[in-house]
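Visitor: Could you walk me through the charged pairs in this one? I'm new to it.

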Amino acid sequence: MSATQAPAPTATVTGERADLLAMLAKHRHFLRFTTRDLTDEQARRRSTASELCLGGLIKHVTAVERNWVDFILDGPAGMGGDPATMTEDDWAEWGNQFVLLPHETLAGVLADYEAAARRTDELVAGLPDLDATQPLPEAPWFEPNARWTARRVLMHIIAETAQHAGHADIIRESLDGAKSMG
């Protein structure tokens, strides 16, 4: 699928699940649309005071979506390492998700994002209960002993995707004047 095409809705999903997936698809589309007609070099370029680039944003949103889907399935164990025990190398690897590295291509990270999106969509379609909860991992940014439902996790993925689609729009406009809307 190209960056300008919105994914086709899943025909077997109805009701609330269809609404959640439609909203997520909309924001995924806008995020991918910001990368249309770019070279790998342009996707690597920082065009604002931010450290972010378009290729890095796609990688980051892919990682976020995968981690939260893992959380729905496996709880905190699916979220990866504890920030308090991360090494300098772990933090460097984490930071690499925000840049398109020299050996990576925009087409490759978009394909990886599409694979993560398919996995999420399949999970939402087949999840027995959106009210199923998992305990949040211990982290300074989470309320202690809190639990999130699968529904809340999906809403968080939607919010993250929408927020980063907005960042991507600013980066793209700063890069070459192209806009996602308007």
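**Salt bridges**

Guide: R172 counts as buried, at 5% relative accessibility, where buried means under 20% relative accessible area, exposed over 50% and partly exposed in between, with a 1.4 Å probe and protein chains only. This is a predicted model, in which local features need pLDDT of at least 70 and side-chain atom pairs count only at pLDDT 80 or more, while totals for chains, interfaces and linings use all residues. Residues are numbered from 1 along each chain as its sequence is written, and side-chain values use heavy atoms, with hydrogens and water left out.

Visitor: Which residue does R172 meet in a salt bridge?

Guide: That partner is D176, at 2.9 Å from N to O, a salt bridge being a side-chain nitrogen of Lys or Arg within 4 Å of a carboxyl oxygen of Asp or Glu. D176 is partly exposed, with a relative accessible area of 40%.

Visitor: How many salt bridges are there in the whole structure?

Guide: A search of the whole structure finds 11. One of them joins R28 and D121, whose closest N and O atoms are 3.0 Å apart.

Visitor: And where do R28 and D121 sit in the chain?

Guide: R28 lies in helix α1 (residues 15-33) and D121 in helix α5 (residues 106-126), so the pair links distant parts of the chain, 93 residues apart; helices here are DSSP runs of H or I with at least four residues, numbered from the N terminus.

Visitor: Is R28 buried or exposed?

Guide: R28 is buried, with a relative accessible area of 1%, and D121 is buried as well, at 18%.

Methods:
Helix = DSSP H or I, 4+ residues; strand = E, 2+ residues; numbered from the N terminus.
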